[in-house]
Amino acid sequence: MTEQRNINSMNLDEMSTGEILRTINNEDKKVALAVEAALADIEIAIEHVYEAFVKGGRLFYCGAGTSGRLGFIDASECPPTFMTPPDMVQTVMAGGDKAVSRAVENSEDDEQQGAEDLRSRNITENDVVIGITASGRTPYPIGALKYARQIGAFTVALSCNEHAVISQYADCQIEAVVGPEVLTGSTRLKAGTAHKMILNMISTTAMIKLGKVQENLMVDVHASNYKLMDRARRIIMEITNVSYEQADQMLEAANKEVKPAIVMIEAGVSLAEAKAAIQESKGYVRKAIDYAQKQYK
C-alpha cells in the first residue's frame with residue numbers, strides 16, 4: 001500500500017500551488033481515521049510500556065530513515081517534558097546517531113545489524129521494543145524485534161500496511177493503513193504523520209499513567225530554561241491558587257521541582273516530607289497530598 005500510486009495526485013506536477021496544498025491536506029485528513037482504527041492495538045502496547053516502566057524497564061524505538069528519526073524526536077522530548085532519565089526511552093536507528101541528520105539509506109537493509117545494535121543496549125525481559133517501519137518489511141527493525149523476542153522483551157510492530165511482514169515478529173501489531181502517499185513512496189508524509197501521532201500517544205499516555213500529569217498539567221516538567229521555569233510557576237499557580245511570586249518562591253525552595261512544590265503548599269509540609277509523600281504515593285501528586293496531610297499533621 002505504501003508504494004502504490006495515489007489516484008488523487010496523478011497530475012501532481014501540473015497542479016498549482018493551491019491545488020497541491022489542498023491535495024496534501026485532503027490526504028492528511030485520512031491519517032487520524034487510520035490511527036483511530038488502530039486504537040485497540042495501541043492501547044495494548046501502552047499497557048505493556050506502562051508495566052515495563054513500573055518494573056524499571058525501558059522503551060526502545062527501532063527504525064531506519066524517517067521511522068528512526070520519529071523515534072528520536074519522541075524519545076528526546078521525554079526528559080524535558082516528564083523529567084525521565086535519558087535512558088528510559090531510547091531510539092536505536094539504522095546507521096547510528098549520524099543518520100538522524102544525514103541519510104544512511106543502505107543501513108536499513110541489514111537485519112543482523114538491527115539485532116546487534118539492540119543487543120548493545122543490554123535489553124532485558126523487562127523492556128519493550130517497538131519496531132517502526134512504514135512498509136512493514138524493513139530488515140533493520142525486523143532484526144531488532146527478532147532479537148528482542150529471543151530475550152523475552154515485549155515487542156510491538158508499528159507499520160502502515162495490513163498483514164505487514166514485521167507484524168509476524170511482534171507480540172502486538174499496530175497497522176495504521178493510511179493509503180498511498182501523495183508523492184508515491186514518500187512515507188515521510190501520511191505514514192510518518194500517523195507514526196508520529198501514535199508515538200505521541202504511547203509515550204504521553206504511559207507517562208500520564210505513571211503520575212507525571214495532574215489534570216492536564218505536566219507536573220514533572222524539567223524547569224531547565226526560562227520558558228519551562230515560567231511554565232512550572234504557572235502550573236503551581238493553577239493547582240494551588242497561589243500568586244506568581246509565591247509559586248516562584250516555592251519552586252526555588254523545591255529545587256525547581258514542581259511536584260514537591262505543590263505538595264509543600266497544599267499539605268503545608270517540608271521539602272523532605274513532600275518528597276517522602278511523593279515516593280510513598282508512587283509519584284501521584286493527589287495521593288501524595290492526602291498522605292502528607294494525614295502523616296505529618
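User: Buried means under 20% relative accessible area, exposed over 50%, and partly exposed in between (1.4 Å probe, protein chains only). Is Thr 155 buried or exposed?

Analyst: Happy to start there: this is a predicted model, where local features need pLDDT of at least 70, side-chain atom pairs count only at pLDDT 80 or more, and totals for chains, interfaces and linings use all residues. Residues are numbered from 1 along each chain as its sequence is written, and side-chain values use heavy atoms, leaving out hydrogens and water. Because Thr 155 has 0% relative accessibility, it counts as buried.

User: Which strand holds Thr 155, and which residues does Thr 155 contact beyond its neighbours within four places in sequence?

Analyst: Helices (H or I, at least four residues) and strands (E, at least two) are DSSP runs, numbered from the N terminus. Thr 155 belongs to E4, residues 154-159. Contact here means heavy atoms within 4.5 Å. With those sequence neighbours set aside, the contacts of Thr 155 are Val 129, Leu 145, Ala 148, Arg 149, Tyr 169, Ala 170, Asp 171 and Cys 172.

User: How many of the residues of E4 are buried?

Analyst: In a regular strand, side chains alternate between the two faces of the sheet. In E4, one side carries Phe 154, Val 156 and Leu 158, the other carries Thr 155, Ala 157 and Ser 159, and both faces are covered. E4 is therefore mostly covered, with the buried count at six of its six residues.

User: In what order do the strands of the sheet run, and which strands stand at its edges?

Analyst: Two strands pair if DSSP finds at least two bridges between them. Five strands form an open sheet with parallel pairing, in the order E2-E1-E3-E4-E5. A strand at the edge has a single partner strand, so one of its sides is left without a neighbour in the sheet; this holds for E2 and E5 (172-175).

User: Which residues stand opposite Cys 62 in E2 and in E3?

Analyst: E1 (residues 59-63) is largely enclosed by the rest of the structure, because five of its five residues are buried. E1 runs parallel to E2 (residues 89-93), joined by five bridges, and pairs in the parallel sense with E3 (residues 128-132), also over five bridges. For Cys 62, the residue opposite in E2 is Val 92, and the bridge partner in E3 is Gly 131.

User: Which handedness does the unit of E3, H5 and E4 have?

Analyst: A crossover is right-handed if, with the strands pointing away from the viewer, the path from the first strand over the helix to the second runs clockwise. E3 and E4 run parallel, joined by five bridges. With H5, they make a β-α-β unit that is right-handed.

User: Are H4 and H5 parallel or oblique to each other?

Analyst: Axes are lines fitted to C-alpha atoms, for helices over the stretch in contact, and angles run from 0 to 180 degrees between N-to-C directions. The axes of H4 (residues 111-119) and H5 (residues 139-151) come within 6 Å and cross at roughly 50°. Angles under 35 degrees count as roughly parallel, over 145 as roughly antiparallel, 65 to 115 as roughly perpendicular and the rest as oblique. H4 and H5 are therefore oblique.
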